Each structure stands twice: as structure tokens, then as C-alpha cells.
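Thanks for making the time this morning.

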Amino acid sequence: MEHVQELRRPSRLAPGARVAVVATSGPVPEERVQAGLDVLRGWDLDPVVTPHVLDRHGELDYLAGADADRAADLQRAWCDPSVDAVLCARGGYGAQRMVDLLDWEAMRAAGPKVFVGFSDATTLHQAFATRLGLVTLYGPAAAGVDFIKNARAQEHLRTTLFAPDRARVIASAGATLVPGRARGVTLGGCLALLVTDLGTPHARDGARGGLLLLEDVGERPYRVDRMLTQLRRGGWLEGITGIALGSWEECGPYDAVRTVLVERLAGLGVPVVEEFGFGHCAGALTVPLGVKAELDADAGTLTLEQPALC
């Protein structure tokens, strides 16, 4: 099993930077796309949309157009030298269907740039790590309701993009589930997508040496249990150094979810802290994947050893 390595950091953004909004997964209403673009323009960015951003699949209404078109949009934006960052329009479902259609050699040749997304984009975060060796940002979707309407989500992403030195400490709003301190390289995302990715060409074969960031939405406690148990049985959690938990929206009463998290994770013998405010919650924070960090469970802080972007 490979050791999770620190990844290459893209450059931070500057005013005037061009950012491309891509629908990699589910369909996006036009009014939400426009609202997201307005927010980005307010940051002095130059947002552009890819050709198929408003597409809808003719037969499968949960997809934003054909797999090949979504892949082409992402690849075209990534390989465009005028584009400094690629932002997912929303989550939903569909990234797994298009990730194998990407030309990773061409994308590697295009050089590093910023990638932002969450939820279903976990599949892409894993691929960007394993295929491009690149730090990515697990943060709000550009046409997501939370991003459009929540100032905290907007400001934390904006700070991470433009002034990442000021976004190096993320504080928990919850409790220490297992005390202690741990250092490692951040990885993770949405639990269901990490589990679904197991055994695929772009997935990590394990999380050894990693600080695991986990969250999910709409999964009942027994399903959270089942997924964590699968990761444990498969050896994927062997050698992790610590766990920072995000939101568990619509997963049932949080006390029931917490009971599962403690029961399944405490026995790993690593620090575990809840409620770091990333994921599907209101005002979701942006967390980088692929950077060295320290988790201080007693203080309830996750501190990046260096800014997410250089």
C-alpha cells in the first residue's frame, strides 16, 4: 500500500484571472449558473462557462448532458492556457461516468491549475491526485445554492483562492471524539464516493500516512456504518494518522450518526474531531486535499503546514 504523499500546489488566483465553470455531474438551472457567475465577477474574476454547462441528458435526467460532452468540457477548460481555475457547477451524480474519458496525459501537459468541487467531485479529486499529483480544493460548487446565498461559503473560498495564507487554520465547532495530535497529508471527501471509487483506475489503494477528511449527505446511520466498515475490512484505513469530520446533513439524528462514527472510528487509535464545517452544510468551508497538516484534536483545529496554493 502506497504512502499518501504531499502533492504539487497550483498558483493562487489574482484579480482578472479566468475561471471556467463546468457541469461535471448533475444538471444545473441556468439562473443558478448566472448567479454563481455574478458572485465570481464580484471578485474581479473573469468567469466563463463551458459549451455544455446547461445540457441535460435526453434519457437520464440526473445527468448534465452526455458523458463525452461533460468530459470534453472539463478537458477543454483544463487544457486552455488562458484558464487559471476550473470550478464544478454542482455535484449530484455523473463524475464516475466521465472520468475515464479524460485524456490525463494532455491534462498533465497543460500544467497545474486550481480545481474546486465537492460531493460527487470526490471522484475527480482522487483522479487529480493520482493522475496529476495535484492539490485540489474540496469546496463549494459555483452554481450551488450554498455558494450563491451564503456569505461564509463565499468568503472562505475567496480567501483560499486569493489569500491562502489566511486560510491555514480551520476550527471545529464540535467535540473531540478521540483526543491527540496527528500530522499527515489531507485526503478524502464524500464517504459514499470514496467507497464507490474503490477498485477503479483512479482511486487510491489506501490512506496510509493521510489525514482523512470525511463527510456525506442523505445516508442513514446504518449506511454510514456499512461504508466505514467496508473501508476498514478492505484495509483502506490502515495507517491513517487522524480524522477530521465534516457535515452529515440529512443522515438522520446527528446523535445517531455520531454514535456510528465513534463506534467505527475510535478503535483505529488516531485522533478524531467532528464538525469542521466542510461538505453539504450551510456555509461550507473550503478544505485542500493533498497538503501536509496537523490535526490537534484537543484544540479542535486543523492547521495546514503551508498555504493550499502557492
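Let me begin with a term: when I say that two residues touch, or are in contact, I mean that they have heavy atoms within 4.5 Å. Please keep in mind throughout that this is a predicted model.

With that term in hand, consider Leu63, which sits in the loop between strand E2 (46–49) and helix H2 (67–79). Leaving aside residues up to four places away in sequence, Leu63 touches Ser25, Gly26, Pro27, Asp55, Arg56, His57, Arg70, Tyr93, Gly94 and Arg97.

In soluble globular proteins, nonpolar side chains tend to be buried together. Here the largest nonpolar core has 54 residues, and Leu191, Leu245 and Trp248 are those with the most contacts inside it. Helix H8 (residues 191–197) supplies the largest share of this core, namely 5 residues. If we look at Trp248 and again set aside residues up to four places away in sequence, its contacts are Leu191, Leu214, Glu215, Asp216, Val224, Tyr254, Val257 and Leu261.

Some of you will want to know about the cysteines. How many disulfides does a search of the whole structure find? The search finds 0. For Cys88, the closest cysteine sulfur belongs to Cys190 and is 13 Å away, so the two are too far apart for a bond. Cys281 is likewise in no disulfide, with the nearest cysteine sulfur, that of Cys251, 12 Å away. As for accessibility, Cys88 counts as buried at 1%, and Cys281 is buried as well, with a relative accessible area of 11%.

The largest pocket has a volume of about 260 Å³, and of the 17 residues that line it, Phe118, Ala141, Gly144, Val145 and Asp146 are the closest to its centre. Helix H6 (residues 145–149) gives the largest share of that lining, 3 residues, and by class the lining divides into 8 nonpolar, 6 polar and 3 charged residues. The second largest pocket holds about 210 Å³ of space; its lining includes Glu2, His3, Ala129 and Arg204, and is made up of 4 nonpolar, 5 polar and 3 charged residues.

How values were computed. Residues numbered from 1 in each chain as written. Predicted model: local features only at pLDDT ≥ 70, side-chain atom pairs only at ≥ 80, totals over all residues. Heavy atoms only, no water. Disulfide = S-S within 2.5 Å. Buried < 20%, exposed > 50% of the residue type's maximum accessible area, 1.4 Å probe, protein only. Core = buried A, V, L, I, M, F, W, Y, C linked by side-chain atoms within 4.5 Å. Helix = DSSP H or I, 4+ residues; strand = E, 2+ residues; numbered from the N terminus. 1 Å grid on protein atoms, 1.4 Å probe; cavity = no way out; pocket = protein on both sides within 12 Å on 5 of 7 lines; lining within 4 Å. Points joined across faces, edges and corners; volume = space filled by probe spheres on them. Nonpolar A, V, L, I, M, F, W, Y, C, P; charged D, E, K, R; others polar.
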